[in-house]
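Please consult the sequence and the structure shown here while reading.

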Amino acid sequence: MPNRCIRPGDNPDLTKERETCTFDTDELAANLYGSRRNLERRREISQKVSADPDFADPIPHEFLSREKAVDATAKKSKVIFQKWKNLVKPEEMPHLVNEAVGIQGFPLALHHAMFLPSLNSQADDDLAAEILPRAKAYEIIGTYAQTEMGHGTNLRELETTATYDKTTQEFVINTPTRKAMKWWPGNLGKMSNYAVVCCQLIIDGKNLGPHNFLVQLRCEKTHEPLPGITVGDIGPKIAYNTTDNGFLALDNVRIPRRQMLMKHAKVSPDGTYTPPIHAKLNYGAMVHVRAHMIYSHGHLLARAAAVATRYSAVRRQGRIENGGPEVQILDYQTQQHRIFPQIARAYAILFAGQEVRDQYAKTLEGIANGQADLLPDLHALTSGLKSVVTFMGGLGIEQCRMSCGGHGYSDASGLPKLYGVQIGGCTYEGENMVMLQQTARYLMKGVKWAEQGKSLSPSIAYLGKKSGKSLIGLKGGDITREHEAILETLEHTARRLAIDASQLWEKRIKGGECKERAWNGVTVEMNRASRVYTRLFMARSFHRRLLSSPSSIRSVLSDLFSLYLHYECVDMAQHLLEDGHCNGGQIQYLKKRLYEDLTTLRPNAVSLVDSFEISDRELNSVLGRRDGNVYEALFQWAKQSELNYTDVLPAVKNYMMPMMEENRSKL
Ligand SMILES: CCCCCCCC/C=C\CCC/C=C/C(=O)SCCNC(=O)CCNC(=O)[C@H](O)C(C)(C)COP(=O)(O)OP(=O)(O)OC[C@H]1O[C@@H](n2cnc3c(N)ncnc32)[C@H](O)[C@@H]1OP(=O)(O)O
Ligand SMILES: Cc1cc2nc3c(=O)[nH]c(=O)nc-3n(C[C@H](O)[C@H](O)[C@H](O)COP(=O)(O)OP(=O)(O)OC[C@H]3O[C@@H](n4cnc5c(N)ncnc54)[C@H](O)[C@@H]3O)c2cc1C
């Protein structure tokens with residue numbers, strides 16, 4: 001079957017891997033990206049970026065100082081948002097940015113991820129008409145400033161205030177304490193001249209909770225901070241170092257009334273407050289990012305899996321049989337067990353990410369028509385997915401990094417930076433432990449609704465079903481029935497964990513604790529229930545994709561899905577065993593099946609990651625390059641280190657040589 005990555009001059013081991021492919025890599029890539037046309041566009045953009053001299057990197061970013069890297073990123077961003085702006089569709093923009101700039105952030109990241117979405121969904125018609133065209137034309141750059149030094153999670157306790165002054169029909173925005181400074185917002189420090197700022201709305205001394213306001217931070221001509229505004233960069237971080245995450249203090253800055261984002265909640269000129277149709281519509285920008293970050297995090301894991309798989313096919317180390325040749329490290333079972341589940345999880349996350357984006361679009365449509373009834377379900381799902389996927393992705397990338405041995409530790413592999421970027425997602429858009437509790441709140445309601453025989457939305461319909469006996473291992477032979485047996489067992493486990501958590505909570509309440517304290521006593525169990533609900537959704541979403549896939553890729557997707565299910569079940573064996581739904585023999589059966597899956601997938605491993613269709617430029621990894629010629633490339637990469645600009649470094653000349661000289665003269 002064709003693997004279209006084969007080229008003359010490639011590493012022969014990689015070529016051999018591609019020759020053993022049993023499916024059409026283009027078919028799978030087209031399925032992943034939605035159509036042949038999308039796949040072709042993806043390639044076209046990759047090729048055009050590589051050929052554009054404005055995007056050329058004289059030396060890799062890894063060797064640049066932070067300031068120079070920020071500069072290079074800003075320069076390329078200007079090219080993207082001027083020269084390229086009309087050449088790509090909005091949905092192609094993330095790929096263009098990844099190709100041209102990379103994954104560590106760029107000056108307009110928050111403008112796109114949160115500023116525009118906040119204005120689009122929360123500004124009233126007047127404000128939108130005035131500001132959106134300017135923002136869309138990049139006449140101004142904005143960000144989303146919510147988190148403060150002292151509070152990120154607990155939005156109700158944010159300290160920044162917007163106090164309405166009826167006499168002038170203005171809001172007075174103020175930062176009352178040091179820890180009330182906005183702290184962390186991306187692109188706030190140096191790039192943005194506007195921000196959507198989240199403040200407690202105060203009218204006639206009454207606090208009406210967090211609301212969003214459009215605030216100009218810098219002069220449009222000079223870019224100097226406006227009077228009353230202190231703004232800057234918070235310093236280097238694990239990753240995202242080309243992003244100017246910032247701080248901001250506002251000293252009684254006045255803005256006109258109409259700069260409150262008033263599509264949902266409103267303040268009239270006389271100070272009358274009208275609440276929104278759903279209390280949390282002000283939190284819409286966060287739901288937007290959570291719904292979109294699932295897919296982009298799937299892509300981060302896909303990159304790591306591509307690097308680890310290709311490198312493991314090229315790297316030869318040790319022998320499996322005495323006297324045999326040194327083997328490709330991909331032939332070790334431990335290596336396969338480390339890497340192949342990451343390939344499967346990356347596909348699973350990408351599929352789930354696509355489904356949740358569609359669900360977000362439907363919910364938004366409803367809200368536009370005055371219906372917010374889909375929002376609770378979406379909030380529960382996005383909260384669970386962002387938590388599970390970012391944690392899974394971080395673990396997966398780290399496994400891929402370690403699977404590359406010493407070279408995985410080098411920035412040449414691209415993996416350390418990938419890990420740094422990925423794990424940011426465990427914290428931003430709501431710390432994972434906190435967001436899992438949001439999911440659990442919804443599950444607890446679902447358990448009650450199910451008890452009362454009420455109708456349940458599709459994502460929690462399983463809560464209303466009855467459990468049978470687990471048929472894992474008892475439906476031998478037929479893979480379709482085995483998949484169904486495992487999915488039913490996962491449904492049972494997700495239901496059982498939610499019901500158990502609900503009962504534990506109730507028991508503590510009956511024991512005399514208030515609801516909230518009782519909740520804190522069961523949150524570990526609550527979060528377990530949320531994780532399994534989310535992992536069930538991911539498994540179901542993968543299954544839907546498998547069932548709707550064309551026959552040409554059905555078999556390889558089915559193999560991958562088997563591995564996914566077997567791995568997830570073994571990973572969650574504790575939950576499967578705890579109530580006796582599964583027995584030890586069934587877990588042993590799942591492990592046996594998992595080891596068989598590793599062998600089945602081995603010939604297609606390289607081709608499965610080729611179908612992620614990530615260009616060398618985007619992958620930015622010496623180890624993961626498509627042609628597999630890693631050793632020469634490693635040397636060429638290292639030669640660019642600034643420590644190699646001279647043979648004798650000033651540090652050696654000034655300190656080490658004199659020290660050695662002094663010590664020699666003492667002899
Ligand atoms: C070209 C494009 C390229 C784009 C490239 C982009 C790259 C970008 C890369 C990185 C970007 C990083 C950007 C990061 C941004 C940020 O981090 S912004 C800050 C995010 N902050 C948070 O997420 C804070 C987390 N905290 C909260 O969300 C809330 O405080 C809370 C934990 C949810 C609690 O809120 P609150 O106390 O107000 O509410 P509760 O009492 O807990 O709940 C009451 C009920 O409301 C429901 N609820 C809560 N939130 C929502 C929501 N958002 N939507 C719907 N419903 C919600 C909750 O479930 C309760 O319901 P119930 O009463 O029925 O149980
Ligand atoms: C890379 C990055 C980019 C960011 N970009 C932005 C941005 O653009 N705009 C913006 O406004 N913010 C941004 N943030 C801030 C981010 O949204 C917050 O850091 C995040 O919401 C977590 O809040 P926190 O820092 O207050 O953590 P904390 O809430 O202080 O968390 C610390 C610990 O306390 C625990 N904890 C807190 N509350 C509870 C609870 N109720 N139950 C159980 N445990 C709890 C957490 O689980 C965690 O273990 C960014 C952060 C990062 C790292």
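Helices are here DSSP runs of H or I with at least four residues, numbered from the N terminus. The model is predicted. Its chain has a mean pLDDT of 96, and 100% of the residues reach 70 or more. The scores of the model are ipTM 0.98 and pTM 0.97.

**Surroundings of ligand 1**

Ligand 1 is surrounded by 29 residues, of which His112, Lys280, Tyr283, Tyr428 and Gly430 are the closest. Sorted by class, this shell comprises 15 nonpolar, ten polar and four charged residues. Each helix in the following table supplies at least two residues of the shell.

| Helix | Residues |
|---|---|
| Helix 5 | 93-100 |
| Helix 6 | 109-122 |
| Helix 8 | 284-314 |
| Helix 10 | 375-403 |
| Helix 13 | 432-451 |

Ligand 1 lies between domain 1 (138-276) and domain 2 (282-464 + 474-626), because both domains give residues to its shell.

**The annotated position**

An unreviewed UniProt entry lists Glu429 under "active site". Glu429 is placed in the loop between helix 12 (415-427) and helix 13.

Is Glu429 buried or exposed? A residue counts as buried if 20 or more other C-beta atoms lie within 10 Å of its own. Glu429 has 25 other C-beta atoms within 10 Å and is therefore buried. Leaving aside residues up to four places away in sequence, Glu429 touches Met286, Val289, Arg290, Met293 and Lys386.

Terms used:
Residues numbered from 1 in each chain as written. Chains lettered and ligands numbered in written order. Predicted model: local features only at pLDDT ≥ 70, side-chain atom pairs only at ≥ 80, totals over all residues. Near = placed C-beta within 6 Å. Nonpolar A, V, L, I, M, F, W, Y, C, P; charged D, E, K, R; others polar. Domains from an automatic or database assignment. UniProt positions renumbered as here; feature names shortened; annotations may be inferred. Buried ≥ 20, exposed ≤ 12 C-beta atoms within 10 Å, placed from the backbone. Contact = placed C-beta atoms within 7 Å. pLDDT = per-residue confidence, 0-100.
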